Amino acid sequence: MPPIRTSIFDLFKIGPGPSSSHTIGPMRAALEFSENVRALPDSILERAASLEVRLFGSLSATGLGHGTHRAILAGLLGMRPESCDPVTLINIFELPQEKLRLDLNGRSLPLTPSSIVFDALEHIHPYSNTMLFRLLGPDGEALLERTCYSVGGGFIQWQGQSEQPRGEPAHPFETMADLRAIASRTNLGLPSIVLENELAVTGAALEDVIQGLNDVLDAMLASVERGVAAEGLLPGAIGLRRKAKALYERSRTRPIPDRFLVSLNAYALAAAEENAAGSIVVTAPTSGSAGVMPAVLALLRRRMELPRRTLREGLLAAAAIGFLAKHNASIAGAEVGCQGEVGVASAMAAACVAHCLGQDIQIIEHAAEIALEHHLGLTCDPVAGLVQIPCIERNAMGAVKAYNAYILAAFGDPAAHVVGLDRALWAMRETGRDMLCKYKETSMGGLALSLPTC
């Protein structure tokens, strides 16, 4: 395979919850399709009578609970994940009818819930989360048809479309072994390798990358701040009550030995609850796991008072782990289960903590591997198709495992560490391939069957 050319800001996307693969990805795909439609010749647009979007795989199984239909409608109306108003998104079907129309350069087509069809769970497409966009003529003939895959973390891939050309990375790598060799040869730390690649691949200016990292950091910390202040019920049939605020308030009165862990749990619940409420979060690597990284960053910032520059470097170290997971396995719950979401998030967070607390690339790798290893086999089984049970508490567990993985790596014997990160990623990929479909974001197995939600 070619070396990794993923941008930091492809991995860390700012946008609305509750699911990057079900919300951010579909919104981006719908926006792009609407632009394709408007680029058609007038002779074709004059014949346009309706628009249809068919959802397959876990988009069909849990798209309603994840708000995929709202996200697609928002994208068709021109909204972007990074700038859309979450309140407008949640209430989009309540907009006046004259606003629920697809602009066709002078004409328009009505958009309704019936424009979006929840199709088959099992299908022939190569990715579980598949969308079929069709612009239809008066007799139902397809004037434009495009198939798009939501492959996790808000990433989308159009059928038949080649990858957009990018620059050559300054330090090409595909595996953790490659990264270790680069670090040994250049004497660069992991964040420097990732940063130099970002500049080379995207052509961005250094100051713009730093500002982008600051924006990501601020958005992550803001999700924690909002979450520890919010209370009440989360949306959806479960009627789940938020827990982060109460836990955070208790953390300040707990005995000192408990305070550290209670705070870390509260921070993770806070960001994960914000995601479940459809608020703005950062994919790290997905929205469903968007509480893990913010929790450890809030801990490092609030309790250890680390400077922003150190936290930015921690984001870069975490990005390297996320790149490897996406390149060599998957970060999509629909492909490999929650081991690819919270498991990878925990590995990223462990790498972040290890770097921020002064460890070298060997310990960073060990911390990431330990965190991932102890999420292997984790299914994605959201109750009622909502990113709430068990997802919110899984974020807290992922954050705690991340910190504990750092402790095991930093205070253990590096020479005694046997399994490398590349091996753990291979195991995650193979486990995901063997995992039954019902355990991969469909709400048809596991814990999802344990609670009636009528």
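## Helices α9 and α12

In this predicted model, helix α9 (residues 206-229) packs against helix α12 (residues 292-302), with axes that come within 9 Å and cross at roughly 90 degrees. Because of that angle, α9 is roughly perpendicular to α12.

On the α9 side, the contact is made by Leu 217, Met 220, Leu 221, Ser 223, Val 224, Glu 225 and Val 228. Helix α12 contributes Met 293, Pro 294, Leu 297, Ala 298 and Arg 302. Nine of the residues in the contact of α9 with α12 are nonpolar, one is polar and two are charged.

## Aromatic pairs

A pair of aromatic rings is described by the distance of the centres and the angle of the planes. There are seven aromatic pairs in the structure. One of them joins Phe 33 and Phe 133, which are stacked at 5.1 Å centre to centre with 25 degrees between the planes. Phe 33 belongs to helix α2 (residues 20-38) and Phe 133 to strand β6 (residues 130-136), so this pair ties together parts that are 100 residues apart in sequence. Phe 33 and Phe 133 are both buried.

Tyr 127 and Tyr 149 form a tilted pair, with 5.1 Å centre to centre and 40 degrees between the planes. This pair also links distant parts of the chain, 22 residues apart: Tyr 127 is in the loop between β5 (116-118) and β6, while Tyr 149 is in strand β7 (residues 142-152). Tyr 127 has 26% relative accessibility and therefore counts as partly exposed. Tyr 149, in contrast, is buried, with a relative accessible area of 4%.

Ring pairs also link Phe 260, Tyr 403, Tyr 406 and Phe 411 into a cluster.

## Charges over rings

Two aromatic residues have a charged side chain over the ring face. Lys 13 lies over the face of Phe 155, at 3.5 Å from the ring centre. Arg 146 lies over the face of Trp 158, at 4.1 Å from the ring centre.

With a relative accessible area of 1%, Asn 129 counts as buried, because buried means under 20%.

Leaving aside residues up to four places away in sequence, Asn 129 touches Ser 21, His 22, Phe 56, Ser 58, Leu 59, Cys 148, Tyr 149, Ser 150, Ala 334 and Glu 441. Among these, Tyr 149 is the ring partner of Tyr 127 in the tilted pair.

Methods:
Residues numbered from 1 in each chain as written. Predicted model: local features only at pLDDT ≥ 70, side-chain atom pairs only at ≥ 80, totals over all residues. Heavy atoms only, no water. Axes fitted to C-alpha atoms, helices over the stretch in contact; angles between N-to-C directions. Helix = DSSP H or I, 4+ residues; strand = E, 2+ residues; numbered from the N terminus. Parallel < 35°, antiparallel > 145°, perpendicular 65-115°, else oblique. Contact = heavy atoms within 4.5 Å. Nonpolar A, V, L, I, M, F, W, Y, C, P; charged D, E, K, R; others polar. Phe/Tyr/Trp six-rings, centres within 6.5 Å; stacked < 30°, edge-to-face > 60°. Buried < 20%, exposed > 50% of the residue type's maximum accessible area, 1.4 Å probe, protein only. Lys NZ or Arg CZ within 6 Å of the ring centre and 35° of its normal.
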